[in-house]
Amino acid sequence: MADRRPLVLDVDGTFLRTDMLFESFWAGLGTAPIATIKAAFANLRRPAALKAALFDIAPIRADLLPVNPALAEIAKGAQEEGREVILASASDGRLVDRLARAHGFDGALGSTPEINLKGANKAEALVAEYGDKGFIYAGDHTSDMEIWTHSSHAVVVGRAGGAARKLAQTGHGVTEIPGGWRITDLFKAIRPHQWVKNVLLILPMIAAHNFDLSTFLMVCIGIAAFSAAASCIYLVNDLLDLEADRLHPKKCKRPFASGAVPIRVGMVATLVLALIALGLGWYLGTGFLIVVIIYMTLSLAYSLRLKRMRWVDIFTLATLYTLRVVAGAAASGVDASVFMLIFIFPIFVTLGCVKRLTELTLATNDDRLPGRGYGRPDREDLLNVSGLGMAGALVIFFLYSLSAQAQALYPTQWLLWVALIPIAWWLLRMIRLGWYGKQDYDPIVFALKDKRGVGLLLMTLALMFYAAGLWQEWFGF
């Protein structure tokens, strides 16, 4: 690479660790889903026209797109040597031009609605501009072979169908740059650590004092189904939130936002996880399958729109958590107590407020959170609503202790009243930690890792089991 010819960089998968077509598609789904879907179907066989239509629907911020550091270093070295650096991509020309200007490059070539600048079309354009063997070209795809053969030197990113080996065999100068992605990064995007929240499916079984093995196994299958459904939605949410995540101090490191995993891989994984969730739901019966479908539909609506709506997002989160409990009842075959559902809903409202409190406390300015409807001035309102949720949960629990169902299940009634103390203590602790920003961004995951909080929850369960006479039945005291 010692010559002074212009350096031409392909964009998708080469200079960028992402694909601008998929970036535009998901940005469009997040802002105008119906228009985006219509454009996709109308231009399914006209990729250049599709790219132009998506740019018109949702022009993405080129300056936030993740860059391949190795190619950025090569481009910087070329500029220091006084050579031109040009971007040439099959993406929409307007977007390629924005990217070139954002990084201070000398020019840009991209697709128009009539011409998809890929393969032979790109080779023809570059030869017309710089002459045969008049440029160095960096690419990552087998379609770039037609361009490499006209370049003076080839920079090959990743395997590209063995292009580096084939070019070297013809005596062509080649520089190889590692590419690809790791399965561990995809697992990180799936977020298996979040599956711990699905232990909520066990609550109906515990509340009904039904502890037989067959029931437990059905609930475990239900947990697996909900884990797949939740991971499916996590992927969709990350793909819809690419720009917002890149503006976040921590979320910018997520696999899709950082470019560690290609968007198309995430799309395939989303489909596979959805099929697993629906398949297990079908196995567990119609009732459970309906709950899974409602959960996934509501989660999708939350990702597309509801999470941007003040207060609606918190009540939607509470509903999604409550649906896990309903799913547990459907999987185990036990009846979910109406009192239990009414009791846990305000608890989840409180935890939803705690989630936003944590985010706002850790925010660096008073602007609204990216992709959310809250700013730091809303902290006191969130604190008040979380307090109301806590008070509502405690009142409902007390009223439940007076019901005929509670008296039948818990002969020692006064112990249920004692159990109100650790419940209140736990909720106050969660609110306080959220107010001071001492939690993780997900209160449920934090609660299940918080030793003091887990101790309070276990104390509550112990009191309820003793009130039900289960300690005597199990251990003789």
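Predicted model: local features only at pLDDT ≥ 70, side-chain atom pairs only at ≥ 80, totals over all residues.
Me: Is helix 16 largely enclosed or largely open, and why?

Reply: A residue counts as buried when its relative accessible area is under 20%. By that cut-off 16 of the 21 residues of helix 16 are buried, so helix 16 is largely enclosed by the rest of the structure. For the whole chain, buried residues make up 52% of the 477 residues.

Me: How many helices and strands does the chain have?

Reply: The chain has 23 helices and six strands, and its C-alpha trace spans about 90 × 45 × 40 Å along its principal axes.

Me: At what angle do helix 3 and helix 5 pack?

Reply: The general idea is that two packed helices are described by the angle between their axes and by the distance between those axes. Here helix 3 and helix 5 (residues 93–102) pack at about 65°, with their axes 9 Å apart. On the helix 3 side, Ala52, Phe55 and Asp56 meet Arg94, Leu95 and Arg98 of helix 5. The residues of this contact divide into three nonpolar and three charged, with no polar ones.

Me: How many cavities of 30 Å³ or more does a search of the whole structure find?

Reply: In general, empty space is found by rolling a probe the size of a water molecule over the atoms. In this model the search finds one cavity of 30 Å³ or more, and the largest cavity holds about 50 Å³ of space.

Me: Which residues line the largest cavity?

Reply: The lining consists of Met20, Leu21, Ser24, Lys51, Leu54, Phe55, Ser91, Asp92 and Leu95. Helix 1 (20–31), helix 3 (47–57) and strand 2 (85–92) are the elements that give two or more residues to it. By class, five lining residues are nonpolar, two are polar and two are charged. Phe55 belongs to this lining and also takes part in the contact of helix 3 with helix 5, as does Leu95, which lines the cavity and lies on the helix 5 side of that contact.

Note on methods
Residues numbered from 1 in each chain as written. Heavy atoms only, no water. 1 Å grid on protein atoms, 1.4 Å probe; cavity = no way out; pocket = protein on both sides within 12 Å on 5 of 7 lines; lining within 4 Å. Points joined across faces, edges and corners; volume = space filled by probe spheres on them. Helix = DSSP H or I, 4+ residues; strand = E, 2+ residues; numbered from the N terminus. Nonpolar A, V, L, I, M, F, W, Y, C, P; charged D, E, K, R; others polar. Axes fitted to C-alpha atoms, helices over the stretch in contact; angles between N-to-C directions. Contact = heavy atoms within 4.5 Å. Buried < 20%, exposed > 50% of the residue type's maximum accessible area, 1.4 Å probe, protein only.
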